[in-house]
Each structure stands twice: as C-alpha cells, then as structure tokens.
Amino acid sequence: MSQTSGGAAPPTQGDPTAPVFPGLFPMTSEVDASGRLRVGGIDVIDLAERFGTPLFVYDEAHLRARCRDAVEAWGDGVAYATKAFLCVAMARLANEEGMYLDVSTGGELHVALLAGVPADRLVLHGNNKSDEELAAALAVGVGRIVIDSFDEIDRIERLLSDPLRFDQTPSAASGRPTLPQRPKVLARITPGVEVHTHEFVRTGQDDSKFGFGLASGAAVRAVDRLSELARHGVVEFVGIHAHLGSQVFALAPFVKAIEVLAGFFAPLGLPELVVGGGLGVPYVNGEEAPPMAQWASSVRLACRNAGIADSVRVTAEPGRAIVASAAITLYRVGTVKDVPGHRTYVSVDGGMSDNPRPVLYGSGYEAFLPREAGAARPVPIRVVGKHCETGDVLVSEAYVPEDLAVGDILATPVTGAYGHSMASNYNKVPRPAVLFVANGEARTVVRRETFDDLVRLDL
Ligand code: LLP
C-alpha cells in the first residue's frame, strides 16, 4: 500500500462499511495472503501478542519519509512540532532527517536535549514561558525563541542583564552559565485569520491567548520593542511567526495569512517568516488533505505575490502531518454488549487515556480488525474504552466485520499525533508502550508503564 497524504480521491468515499482506505494505514503496510496486516514487515497481531495491548505501533520508514518530505518542501529551518508526539527516539529521528525541533515547554526542551539534538536546532515556543524555561533555553543557546507577550520581552531583557543568573565576565569564574550569545528571536503575530477547524485548536484569530494581535496594534508595539532590544545588542530580531490552527485542510487560510501579514512584515526587512504548523491529515475514509509540497508551494507563491523578498527564509512547523498516519493503535476487545434498540458497545483495553481526541474534539477514527484488514465492515458498533465514564468513546460510529469477537485485536489507524503525547493515567491505567517497526524488526521506544510507575511520585 502506498501512503497518500492527499491526492487522488479515495475510492471508498461515502460508504462507511467499506474497508478502511489504504491511504489511512502507515506507508509500509501490506495485507498478507491470509488478510492480516503487516507494518514494517511485521504481522501486527504478533506485535500485540509479544508486547501487549494497548500498543502504539509507528512505522519508522513512514516517519522518516514524512520528515524528508518536510525538508524537501520547506528547506532548511523547517521544524517538527514535538507536541504531536515526543520521545527520545522521535527527537533523534527528526533530527537525523534534517528537521529542526519546535519545543514549547521546559519538558519538551529537556527531552530534545537529552536526545542529543543540538540546541541551535531548537525553536522555543510557549505563551507563558517561565523564568526557568527561558533561562534554560538561553543557557544552552536554543536556535530561536518565539516571543509571545510583552511580559516575555520584559523577562528576557531582565534575565539577560541579570549578573546573578548569567556570569557576565568572559572567564565564567562564578561557575554560572556564561552570558549567552544574543538569542535569535521571532515575534508571534496573530493575523486575525480564522480557520475552519475545531475552536479549541484555532489560534490565528484576534481573540486568542497567543501572540501579538495585528488588529489591536500590539504587533507594531512588539516589533518596536524587539527592534529596540536588537539595537542595544540584547537580542537578534530575525523574524515573524504566525500559527493559524491545527488540522487545517484548506490552503486558502495560509495564503490569506500571508496577504494579511505581508504589508506588516515586508517593510521590516527581517530574514525569516514562519507560518506555523497546522496542515491537516485524513483520519477517516473520504477525507483528503493537501500534500506537504503543495502547502509549501502555495505559501511561497503567496509570499512572492505579496511582495515578500525571495531571500526571506519561509518555513513551517508541522507536527500532525509528520506523525499522525505513521501509527496505529492496537487494542484487545474485552466485552461486546448489545443494547437492544440502541447499539452494540465494543469495549477495548484502552480508551480516553491513550486517545482523548474523540472526547476533546469529537474527532472521528476508523476501526478495523488487523486479522482481516481489507474486509468489508457491515456491522455498526461504538468502540469504547475501559474508563469509568460514558464519554469514554474512541470511535463513536465504527463499522466492523461480522465476526468480531471478544479477544480480537482491534486497531485504529492515524493515531500517531496527539494520542501518546496527550495520554493520561486516568483511572490509574498505565500508559501504553510505543514501538517503532522497520525492516521486520520492532523496538520499544517507550516502555509500557507498570503499576509501580503509577505510584513513583507518591511520597
Ligand atoms: N506550531 C505551533 C505554534 C503550534 O501551536 C502547533 C500546534 C504546531 C506548530 C503544530 O501543529 P500541527 O501541525 O500538529 O497541526 N491537540 C490538538 C492539536 C493541538 C495543536 C496545538 N498546536 C489535536 O489533537 O488535534
């Protein structure tokens, strides 16, 4: 099967009982002669037997291919948004494939550094960076800091001039970190462009906690202050950043954002412009999203049309588009309950703790049985988890083959983004293991939590 991230119309559009569209499976997926799904050259049911369930299975070749797509489409500077899925192995992989990494908290920064990612290839985000987070980023010399508020400008100015925080002498005699080189900073601007996605993941509109609003005049004032700091040699002010939202299928809002930003950005003569992340991915049969290359070329064309110089480094920070369809989650079916006149509930051994997206955003997923991955799915069911609340739904309207039974491995595709990264221990359910599979081999990159892990912080 080949991975399509957009392109040709899926053949199954409109019929929910049709087999899962192959484009939703990870890139190296294949269905063997007996109908079972293999990813990375391994039978996924065997993986469930060996490693237990629930289990995140990532196709390593798929992850690498998507990173390469991003680098090819956007060029140097394109950053992987680690919030979508982060562990040491993922940070290493994205770095090996030439991506920068976007980190938005001290924790994400810590993981990226631990993975050996050079600090100058990190971009620090966040609407409320603490003194500690900023100081850590400055001390290691992160590549870029995206400034989000006036308080943050004050904070950076204060930190950089604090002799107690950073040794200001060339010899570093105090043992404190030496005064870092002038950090490269970008200003995050909210351009006032709305995208048609869930309101919780919209960020480019005027009414937002992120960035400096263009309409309110905050953007102009922020740029004035950063230019002033740059004149005094405190920071190097390199660019403007705007992120519109997430799971965006249309390219028009990105073009619109460039049009809106251009008049503000071009006269500043800054060398960098970042359009954030947000490229959507198909989750269910019938959905389509533009490929990475088309996203990049539309943005570039919009920049040219809007009079932004070709010399400007225009980049992005995709998260979901890199990792979402690289993974499937394997669950084991525990109970099948027919509620006459209503529906059939199929309960699996995970739930909102490993994938909170259906509960949070009403997100849709497909469900299938890897033992007959290409089979028709005539039976409507609801896939639910094992948590103690009615809202614990994984797939509200799923369709499965007739012979689904207790003990089956049931899988949901396209779970590589914002599943593991938003997982919780609700009901003291240990978080699943994460595997990378490639060339017939599986390696555990995050081990399954144990019951002991659940009390490791208790005193
Ligand atoms: N850059 C910035 C500044 C962001 O805030 C985000 C995502 C990204 C890049 C990456 O966006 P992506 O390419 O992944 O769409 N938990 C939600 C998504 C939240 C996105 C937050 N920011 C979900 O599960 O749909």
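This is a predicted model: local features need pLDDT of at least 70, side-chain atom pairs count only at pLDDT 80 or more; totals for chains, interfaces and linings use all residues.
Q: OK, so what are the angle and axis distance for H2 and H9 here?
A: Helix H2 (residues 60-74) and helix H9 (residues 292-305) pack at about 20 degrees, and their axes are 9 Å apart.

Q: Is that parallel or perpendicular?
A: Angles under 35 degrees count as roughly parallel, so H2 and H9 are roughly parallel to each other.

Q: And the crossing, left-handed or right-handed?
A: The crossing of H2 and H9 is right-handed.

Q: Which residues in H2 and H9 meet?
A: On the H2 side they are Asp69, Ala70, Ala73 and Trp74. H9 brings Met292, Ala293, Trp295, Ala296, Val299 and Arg300. By class, that contact has 8 nonpolar and 2 charged residues, with no polar ones.

Q: Switching topic: which residues does the cis peptide bond join?
A: Thr53 and Pro54, with omega about -10 degrees. Pro54 sits in the loop between helix H1 (44-51) and strand E4 (55-59).

Q: What about phi at Tyr418?
A: Positive, about 60 degrees, and Tyr418 isn't a glycine. Most residues other than glycine have a negative phi.

Q: Where is Tyr418 found?
A: In the loop between strand E18 (409-413) and strand E19 (433-438).

Q: Is Tyr418 buried or exposed?
A: Buried means under 20% relative accessible area, and Tyr418 has 15%, so it's buried.

Q: And what's phi at Asn427?
A: Near 60 degrees, again a positive value in a non-glycine residue. Asn427 lies in the loop between E18 and E19 and counts as partly exposed, at 34% relative accessibility.

How values were computed
Residues are numbered from 1 along each chain as its sequence is written. Side-chain values use heavy atoms; hydrogens and water are left out. Axes are lines fitted to C-alpha atoms, for helices over the stretch in contact, and angles run from 0 to 180 degrees between N-to-C directions. Helices (H or I, at least four residues) and strands (E, at least two) are DSSP runs, numbered from the N terminus. Angles under 35 degrees count as roughly parallel, over 145 as roughly antiparallel, 65 to 115 as roughly perpendicular and the rest as oblique. A crossing is left-handed if the near helix is turned anticlockwise from the far one by less than a right angle, and right-handed if clockwise. Contact means heavy atoms within 4.5 Å. Ala, Val, Leu, Ile, Met, Phe, Trp, Tyr, Cys and Pro count as nonpolar, Asp, Glu, Lys and Arg as charged, and the others, Gly among them, as polar. Buried means under 20% relative accessible area, exposed over 50%, partly exposed in between (1.4 Å probe, protein chains only).
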